[in-house]
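Please open the model in your viewer and keep the selection panel at hand. The stops below say what to select next and what is to be found there.

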2 protein chains.
Amino acid sequence: MITKMHGAGGRLMIEFIKNQILKNIELKKVNGLGLDDLDDAGTIKLDDKHIAFTTDSYTVKPIFFPGGDIGRLAVSGTVNDLSVVGAKPLALSLAFIIPEGYDEEKIERIIKSINKTSKEAEVAIIAGDTKVTDGLDEIIINTSGVGVAEKVIKDSGVKDGDAIIVSGNIAEHGLAILLSREEFEFETNIKSDVAPLNKMIENILDLEISAMKDPTRGGLAEALNELAEKSSVGITIFEDKIPISDEVSSVCEILGLDPLTIANEGKVVIAVDKKDAEECLERLREHPLGKNAEIIGYATKEHKGVLMETGIGKRIIDYPIGDPIPRVC
Amino acid sequence: MITKMHGAGGRLMIEFIKNQILKNIELKKVNGLGLDDLDDAGTIKLDDKHIAFTTDSYTVKPIFFPGGDIGRLAVSGTVNDLSVVGAKPLALSLAFIIPEGYDEEKIERIIKSINKTSKEAEVAIIAGDTKVTDGLDEIIINTSGVGVAEKVIKDSGVKDGDAIIVSGNIAEHGLAILLSREEFEFETNIKSDVAPLNKMIENILDLEISAMKDPTRGGLAEALNELAEKSSVGITIFEDKIPISDEVSSVCEILGLDPLTIANEGKVVIAVDKKDAEECLERLREHPLGKNAEIIGYATKEHKGVLMETGIGKRIIDYPIGDPIPRVC
Ligand SMILES: Nc1ncnc2c1ncn2[C@@H]1O[C@H](COP(=O)(O)OP(=O)(O)OP(=O)(O)O)[C@@H](O)[C@H]1O
Ligand SMILES: Nc1ncnc2c1ncn2[C@@H]1O[C@H](COP(=O)(O)OP(=O)(O)OP(=O)(O)O)[C@@H](O)[C@H]1O
Ligand SMILES: [Mg+2]
Ligand SMILES: [Mg+2]
Ligand SMILES: [Mg+2]
Ligand SMILES: [Mg+2]
Ligand SMILES: [Mg+2]
Ligand SMILES: [Mg+2]
């Protein structure tokens, strides 16, 4: 039986994908990244370029939340998955699955937000589909995207000694979703970080970037573990270097949540050759979406997996079972 | 309020798309077919080639039906939308939206069918996404696709004098879905025609093809009206030339359905220069999926819209309001 944890990023989802999808599908790559790579996008070599191609469905609830909405999310998430494989996004598709009897004004609000974000990212929408169905309680959006890359940046590219950078404060998207669902005893200013990162990322592509990932479902813990495992290196991070706002940090403590496992929708994790680390950090910080970027650690052959140095010793950061917040994206 | 008819192909859906989506989205083409063209796929010129890009979500109910299932449909539908703009499909994405508590065996059956159809079409799946959600009663699949075209074939390309060809018997998919839903007083052998048409279509691309369309939601009536309107020509068809099985014809009569408005998922409508019409017909008939192909009419400047010559005079074939069968794809 499929549970929400099968769709929460993390271990259960990856097992489901491996046991069901990767096992049963035979044609799963063209000539580049394919399904078995479990990367953020697939790629196809065409002449001297690489076409990147990715898809995500958005089932977030509520659809309007502090800092964004399902429309902004649907554009940003797909743009970001293209960007982190080193591609410049060329175009998106937009598929609406609408519950029968749905309010047309809500759709209009969503479409206006999609338009705004598409202009912010400078990415056009060139194909779409509309289905209306019963048996559904809230709108679902799928966006897919195509881009072009000069060079494909793979999750498996992290090298011993690389610096690990996070582009800003973590755990904001997931927490904003959670807090907007129920009445809590405290008021917060926590907003989703949802944003298209393509402009910021295009600005560092001439540096020696080894790997990139957007730490969405499963958060930073999931992204770092995937990078380490696929690259056969260990990653050490320093707790006091991880950018996080005081408010997010204390709300997580109150709610008993680990911010490392909470989804981000406007952040990127970068492994960069150490000679380019400072330059990369500087360029990220020049961009409004990267102003809180930090070098949080390094890749090493000395251990496997992900270790975090805390004030009181080392902690193993394992794959999360899944994102602790369901329907987060 | 959004009703099922807004998602049924046809007039209401096109109005919704025009009034909501085309009006509010500003970046809607790159350099080729874009949203305003309302064609089967968008296209992007890249060097001397055209990248084609399309998306469809599949909400069909029941998910297993005579002649196919949601998996075969999800591969075929997207492959066909790429093929009818003249592209060779390169790769698909596969996004599952799974109801919480869903039966894993059903998913396995669907994935095996996806695999079989992907091999039949020789198109790889290189990206995917999995979401699990409450508030949903049946699995939904989105597939998007990318392809490459030497030359883009547009809906707007029909020329005065072109022959209009349909590649085989109409109305089978929609009717098979309808008949599998309820107990009817008669037993039939009607099966969905769902199939990937890329191989058959690639075989005619060297001919002077003016336009192509897969007559899905809204059926042949919708496809012919779109071709005629976008090309600013009229289309005349002959009722006795339209390929349809006796069984489909009599079931439609019993149920009071117009077969021209019923969805197909393994057929293509082709406008071809009259000098190549016979050759095109012959090549289609050589392919198992085209064995019942017929020239059903011609394009003309003598009238607007779509006219059908019947034994007792001419009938105007208008845009259907929508497909008479909901959740057909
Ligand atoms: N239904 C599926 N079919 C094929 N591959 C899938 C499917 N679901 C997920 N995958 C693959 O598994 C990997 C992980 O998917 P996931 O959705 O977690 O990545 P993501 O889009 O980067 O993250 P998020 O969805 O949280 O934004 C990707 O490589 C994806 O292509
Ligand atoms: N949500 C949407 N956003 C943008 N464009 C859309 C949307 N829905 C539909 N369209 C556009 O409207 C046109 C008609 O869509 P439609 O889904 O009927 O085409 P199709 O996929 O060829 O048919 P079917 O879905 O029945 O297989 C297409 O050009 C499509 O890009
Ligand atoms: Mg990603
Ligand atoms: Mg993603
Ligand atoms: Mg469609
Ligand atoms: Mg179509
Ligand atoms: Mg289609
Ligand atoms: Mg995903």
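This is a predicted model: local features need pLDDT of at least 70, side-chain atom pairs count only at pLDDT 80 or more; totals for chains, interfaces and linings use all residues.

A polar contact is a pair of N or O atoms within 3.5 Å; within protein, one atom must be able to donate a hydrogen and the other to accept it, and residues adjacent in sequence count only if both atoms are side-chain atoms.

**Stop 1: the interface of the two chains**

Colour chain A and chain B separately. Across the interface, 82 residues of chain A are in contact with 82 residues of chain B. The size of an interface is often given as the accessible area lost when the parts come together. Here chain A and chain B bury about 7000 Å² between them, and 63% of that area is on carbon and sulfur atoms. Now select I2(A), F53(A) and I126(A): these residues of chain A lose the most area to chain B, together 10% of what that side buries.

How many salt bridges are counted between chain A and chain B? The count is 14. To inspect one of them, show the side chains of K4(A) and D134(B), which form a salt bridge with the closest N and O atoms 3.1 Å apart. Side chains of opposite charge can pair when their charged atoms come close.

Next, highlight the elements that give two or more residues to the side of chain A that touches chain B. The helices in this group are α1 (10-24) and α3 of chain A. The strands are β1 (42-46), β2 (49-58), β5, β6 (124-133) and β7 (140-149) of chain A.

**Stop 2: the two domains of chain A**

Chain A is divided into domain 1, residues 36-149, and domain 2, residues 155-317. Taken over C-alpha atoms, the centres of domain 1 and domain 2 of chain A are separated by 23 Å. In chain A, 28 residues of domain 1 are in contact with 25 residues of domain 2. Together these two domains of chain A bury about 2100 Å² between them, 55% of it on carbon and sulfur atoms. Select P66(A), N80(A) and V84(A), which supply 24% of the area that domain 1 of chain A buries against domain 2 of chain A, more than any other three residues.

Two salt bridges are counted between domain 1 and domain 2 of chain A. Display D40(A) and K213(A), whose side chains meet in a salt bridge at 3.1 Å, N to O. Between domain 1 and domain 2 of chain A there are also eleven residue pairs in polar contact, both residues at pLDDT 80 or more.

Which elements give two or more residues to the side of domain 1 of chain A that touches domain 2 of chain A? They are α2 (70-83), β5 (88-99) and α3 (104-121) of chain A. Of these, α2(A) gives the most, with eight residues.

**Stop 3: a salt bridge within chain A**

The structure holds 62 salt bridges over all chains. For one within chain A, select D137(A) and K61(A), whose closest N and O atoms are 2.7 Å apart. This pair links distant parts of the chain, 76 residues apart. D137(A) is in the loop between β6 and β7 of chain A, and K61(A) is in the loop between β2 and β3 (64-65) of chain A.

**Stop 4: the seven-stranded sheet of chain A**

Switch to a cartoon view. An open sheet of seven strands in chain A has the order β9-β11-β8-β12-β10-β13-β14, with mixed pairing. The edge strands of this sheet are β9 (209-213) and β14 (313-317) of chain A, each of which pairs on one side only. Neighbouring strands are turned by 25° against each other on average, direction ignored.

Within this sheet, select β10 (residues 234-238) and β13 (residues 306-310) of chain A, which run parallel and are joined by four bridges. I237(A) has M308(A) in β13(A) as its bridge partner.

**Stop 5**

Bring chain B back into view. Chain B has an open sheet of seven strands in the order β9-β11-β8-β12-β10-β13-β14, with mixed pairing. Finish at β13 (residues 305-310) of chain B, which is joined to β14(B) by five bridges, the two strands running antiparallel. Select V306(B), which stands opposite I317(B) in β14(B).

Technical notes: Residues are numbered from 1 along each chain as its sequence is written. Chains are lettered from A and ligands numbered from 1 in the order in which they are written. Side-chain values use heavy atoms; hydrogens and water are left out. Two strands pair if DSSP finds at least two bridges between them. Domain bounds come from an automatic or database domain assignment. Contact means heavy atoms within 4.5 Å. Buried area is the accessible area (1.4 Å probe) that two parts lose on being put together, summed over both. A salt bridge is a side-chain nitrogen of Lys or Arg within 4 Å of a carboxyl oxygen of Asp or Glu. Axes are lines fitted to C-alpha atoms, for helices over the stretch in contact, and angles run from 0 to 180 degrees between N-to-C directions.
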